[in-house]
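Here are my notes on the model you asked me to look over. Keep the structure open while you read, and click on each residue as it comes up.

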Amino acid sequence: EGDKIAIVGCNGAGKSTIIKLIMGLYKPSSGQILINGRNISDFNYEQYCKLISIMFQDYVNYCYTLRENLSLSDINNNPSDSDIIASCKKSGAYDFIKNWENGLSTYLTKSFDIEGKELSGGEWQKIAIARFFNKNCCLRIMDEPTSSLDLASEDKIFTEILNAKETLVLVSHRAFYMKKMTKIIVVEN
């Protein structure tokens with residue numbers, strides 16, 4: 001509990017597959033996945049997923065309002081506006097949303113509202129990271145979370161991630177942050 005675990009390796013080594021195994025999206029062809037010594041197949045899958053916030057490297061951009069986008073991370077808990085703003089501050093999204101006229105009711109894209117905002121790749125990534133932070137959980141998993149961000153934004157996000165009390169599993173090619181992890185797992189072949 002509370003460990004910051006990095007999974008590193010070359011492209012195609014199986015890092016993302018390990019994450020999908022932890023999530024129960026893939027079943028192991030042999031062996032088993034244990035959480036605190038207990039096989040994950042023994043858990044109620046819906047309850048298990050409530051304990052985890054995950055951000056895949058191929059996150060989804062939703063053409064909803066900002067509030068709806070971030071609420072998707074934990075639809076059962078209906079986060080407050082202050083929770084959503086706190087998540088945006090952690091991800092750096094607050095820097096570009098704070099002056100929006102429609103605030104959290106602003107649509108992300110013009111698909112459903114001509115006054116919606118068209119975001120850059122880095123801005124969308126910050127929204128996805130804010131969604132990741134918006135979920136109250138005990139395990140956070142990130143797969144290459146900052147690939148579209150500048151170094152200053154990336155540093156701010158990693159500071160938030162590394163200071164959080166939750167357990168973190170991180171797949172990243174960013175070697176600088178690896179030395180701050182409590183465990184590093186190298187995946188080969």
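1. Start with the largest pocket, which holds about 680 Å³ of space. A pocket here is found on a 1 Å grid over the protein atoms alone, as an open set of points where a 1.4 Å probe fits, with protein on both sides within 12 Å along at least five of seven lines; lining residues have an atom within 4 Å of a point. Grid points are joined across faces, edges and corners, and the volume is the space filled by probe spheres set on the points. This is a predicted model, so local features need pLDDT of at least 70 and side-chain atom pairs count only at pLDDT 80 or more, while totals for chains, interfaces and linings use all residues. Residues are numbered from 1 along each chain as its sequence is written, and side-chain values use heavy atoms, with hydrogens and water left out.

2. Which residues lie nearest the centre of the largest pocket? They are Glu1, Ile35, Asn36, Leu139 and Thr167, out of a lining of 24 residues. The elements giving two or more residues to that lining are β1, α1, β2 (34-35), β6 and β7 (183-186). Helices (H or I, at least four residues) and strands (E, at least two) are DSSP runs, numbered from the N terminus. By type, the lining has 16 nonpolar, three polar and five charged residues.

3. At least two lining residues come from each of α2, β4 and α6, and β4 gives the most, with four.

4. Now look at α1, residues 15-22, where Lys15, Ile19, Leu21 and Ile22 are buried. Buried means under 20% relative accessible area, exposed over 50%, and partly exposed in between (1.4 Å probe, protein chains only). Seen down the axis of α1, its buried residues fall within an arc of 160°, so they line one face of the helix. The arc is that of the directions from the helix axis to the C-beta atoms. Among the elements covering these residues are β1, α2 (45-50), β4 (52-55), β5 (139-143) and β6.

5. Just after the helix, Gly92 has a positive phi of about 90°.

6. Leu70 sits in α3 (residues 66-71) and, at 0% relative accessibility, counts as buried. Beyond its neighbours within four places in sequence, Leu70 is in contact (heavy atoms within 4.5 Å) with Ile84, Ser87, Cys88, Ile127, Ala130, Arg131 and Asn134. Leu70 and Cys88 are 18 residues apart along the chain, and their C-alpha atoms are separated by 8.9 Å.

7. What about the nonpolar cores? A core is a set of buried Ala, Val, Leu, Ile, Met, Phe, Trp, Tyr and Cys residues joined through side-chain atoms within 4.5 Å. The largest one has 18 residues, and Met55, Ile129, Met142, Ile161, Leu168, Leu170 and Met181 have the most contacts inside it. Another core, of 15 residues, lies apart from it and includes Ile7, Ile40, Val171 and Val187.

8. Most residues other than glycine have a negative phi. Thr109 is not a glycine, yet its phi is positive, about 105°; it lies in the loop between α5 and α6. Glu144, in the loop between β5 and α7, also has a positive phi, near 50°. Buried or exposed, then, is Glu144? At 12% relative accessibility, Glu144 counts as buried, and Thr109, at 11%, counts as buried too.

Notes:
Ala, Val, Leu, Ile, Met, Phe, Trp, Tyr, Cys and Pro count as nonpolar, Asp, Glu, Lys and Arg as charged, and the others, Gly among them, as polar.
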